Amino acid sequence: MAEEDAQETEEVTPKAPQRLPTPEERGWSAGDLLANRPFVICVLYLCTYFTVFSCVVGVVLAYVFYDSKSEEWERSQFQYLIRTFWIMVGSFVIAVFCGLAVLISKGEDGGIVGVLLIALMAFAAFILAAARTVYAMLNAVRHKPMPRPRTLLI
């Protein structure tokens, strides 16, 4: 009974909020992200939505880094990013050819259908490329290899 009274009289002190460790305490800095070669390529791919040719620079770097000495997780990242670039290019070429085929076959009546087909397929390609790039970026930050670098999906 004396123990119960002692427990009731003890004050409950609130826990202090945990402080997040600084990048130096975690063992990396902002310079490490820039030294993360797959991460840099992902940033270049995402910049493609604002500048047209940064993905070309990204894929050239991916080919150069893939052939250089790199760790296994980086090689899978480079393979995945190279495939992402070619999926992006191939889907845009297919979208343009399909849209042009509709435009040519339907004449004036197919104009709006062809343009909508091109726009829809290009939008789907943008979404797929962005999802693949963000997925690769998340794995690159954690230095994890891509689980299926040869896949056509995410």
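The buried residues of helix α7 are covered by parts of the chain that include α4 (37–47) and α6 (72–106). The model examined here is predicted. Within α7, the buried positions are G111, G114, A122, A125, A129, R132, T133, A136, M137, N139 and A140.

The length of α7 was checked against its residue count. The helix runs over residues 111–141, 31 residues in total. After α7 comes H143, which has a positive phi, near 60°.

T84 lies in helix α6. Its relative accessible area is 1%. Buried means under 20%, so T84 is buried. Leaving aside residues up to four places away in sequence, T84 touches Y45, A129, R132 and T133. Of these contacts, A129, R132 and T133 are also among the buried residues of α7.

A nonpolar patch was found on the surface. Y63, W86, V89, V93, V96, F97, L100 and I104 form this patch. Together they have about 770 Å² of accessible area. Helix α6 gives the largest share, seven residues. Y63 is found in helix α5 (residues 54–67). The relative accessible area of Y63 is 37%. This value falls between the limits of 20% and 50%, so Y63 is partly exposed.

Notes: Residues numbered from 1 in each chain as written. Predicted model: local features only at pLDDT ≥ 70, side-chain atom pairs only at ≥ 80, totals over all residues. Heavy atoms only, no water. Helix = DSSP H or I, 4+ residues; strand = E, 2+ residues; numbered from the N terminus. Expected span 1.5 Å × (residues − 1). Buried < 20%, exposed > 50% of the residue type's maximum accessible area, 1.4 Å probe, protein only. Contact = heavy atoms within 4.5 Å. Patch = residues over 30% accessible without salt bridge, like charges linked within 9 Å, V, L, I, M, F, W, Y side chains within 5 Å. Areas by Shrake-Rupley, 256 points an atom, 1.4 Å probe, with all protein chains shown as cover. Salt bridge = Lys/Arg side-chain N within 4 Å of Asp/Glu carboxyl O.
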